[in-house]
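Please open the model in a viewer and keep the selection panel at hand.

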Amino acid sequence: MMSRIRTAAVIMCACWLSVAYAGRTQVKSPDGLLSVEFSLDRQGRPGYSVSYRDREVIRPSRMGFTLSDGTSLADGFGMGKVSYQKCDSLWAPVWGENDSIRENYNGMTVPLSKGKSRMDIEFR
């Protein structure tokens, strides 16, 4: 009996989450201390949150804006296939105090589309 109740609770939670979010993805810093989560709800509204050491430092926040012609880029989006990148390299600046600068990050590119409009949101 208890296993049926647990199974029903898990199914209910899974169904609720699928209603609340159309897409959710996350990327962490190379040391694992900083994480950014991107989400797209069922109305196609993008949002994000940021955690440091598993403690929320930016609460879930909506993303979007309206163009000067009145076009809304705040909802109605679909999410494509998310891509992830890793970089750990050195580069030489043209001028400055350092001979080389280390570039070390994990990245995530989230493609969004709405009608004929398309944009990529990049997190590093």
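Which residue in strand 9 does Gly78 stand opposite? Select Gly78, then look across to strand 9: the residue opposite Gly78 is Ser113. Before going further, please note that this is a predicted model.

**The whole chain**

Colour the protein chain by pLDDT. The average is 86, and 83% of the residues score at least 70. Next, select residues 1-20, where pLDDT stays under 50. For this segment the model has four contacts beyond four places in sequence. Where pLDDT is low, the predicted coordinates should not be read in detail.

Switch to a cartoon display. The protein chain contains one helix and ten strands. Read from the N terminus, the order of the elements is α-β-β-β-β-β-β-β-β-β-β. Of the 124 residues in the protein chain, 25% are buried. Among contacts in the protein chain with a separation of 6 or more, 36% are between residues 24 or more positions apart.

Select residues 101-114, which form strand 9.

- Strand 7 (residues 78-79) runs antiparallel to strand 9 and is joined to strand 9 by two bridges. The Gly78 and Ser113 positions of the opening question belong here.
- Strand 8 (residues 83-91) is likewise antiparallel to strand 9, with nine bridges between them. Select Lys86 to find Asn106 opposite, in strand 9.
- Strand 10 is joined to strand 9 by seven bridges, again antiparallel. Thr109 stands opposite Glu122 in strand 10, and Lys114 stands opposite Ser117 in strand 10.

Now select the turn of the hairpin made by strand 9 and strand 10. Two residues lie between the strands, and Gly115 has a positive phi near 60°. Return to Lys114 and display its side chain together with Phe77. Lys114 lies over the face of Phe77, at 5.8 Å from the ring centre.

**Asn106**

Centre the view on Asn106, in strand 9. Is this residue buried or exposed? Asn106 counts as buried, because its relative accessibility is 15%, and the cut-off for buried is under 20%.

**The aromatic pair**

How many aromatic pairs does the count give? The count comes to one. The pair is formed by Phe38 and Phe123, and its geometry is tilted, with 6.0 Å from centre to centre and 50° between the planes. Phe38 belongs to strand 2 (residues 34-41) and Phe123 to strand 10 (residues 117-123), so the pair ties together parts that are 85 residues apart in sequence. Both Phe38 and Phe123 are buried.

**Ser49**

Select residues 46-52, which form strand 3, and pick out Ser49 within them. Ser49 is buried, with a relative accessible area of 12%. Which residues surround Ser49, apart from neighbours within four places in sequence? Ser49 is in contact with Ser35, Val36 and Glu37, and also with Ile58, Arg59 and Pro60.

**Ala74**

For the last stop, select Ala74, in the loop between strand 6 (72-73) and strand 7. At 28% relative accessibility, Ala74 counts as partly exposed. Draw a distance from Ala74 to Arg45: the C-alpha atoms are 5.9 Å apart, whereas the two residues are 29 residues apart in sequence. Finally, show the contacts of Ala74 beyond four places in sequence. Gly44, Arg45 and Pro46 are in contact with Ala74, as are Met63, Gly64 and Phe65.

Terms used:
Residues are numbered from 1 along each chain as its sequence is written. This is a predicted model: local features need pLDDT of at least 70, side-chain atom pairs count only at pLDDT 80 or more; totals for chains, interfaces and linings use all residues. Side-chain values use heavy atoms; hydrogens and water are left out. Rings of Phe, Tyr and Trp (its six-membered ring) pair if their centres lie within 6.5 Å; planes under 30 degrees apart count as stacked, over 60 as edge-to-face and the rest as tilted. Helices (H or I, at least four residues) and strands (E, at least two) are DSSP runs, numbered from the N terminus. Buried means under 20% relative accessible area, exposed over 50%, partly exposed in between (1.4 Å probe, protein chains only). A charge sits over a ring if NZ of Lys or CZ of Arg is within 6 Å of the ring centre and within 35 degrees of the ring normal. pLDDT is the predictor's confidence in each residue, from 0 to 100. Contact means heavy atoms within 4.5 Å. Two strands pair if DSSP finds at least two bridges between them.
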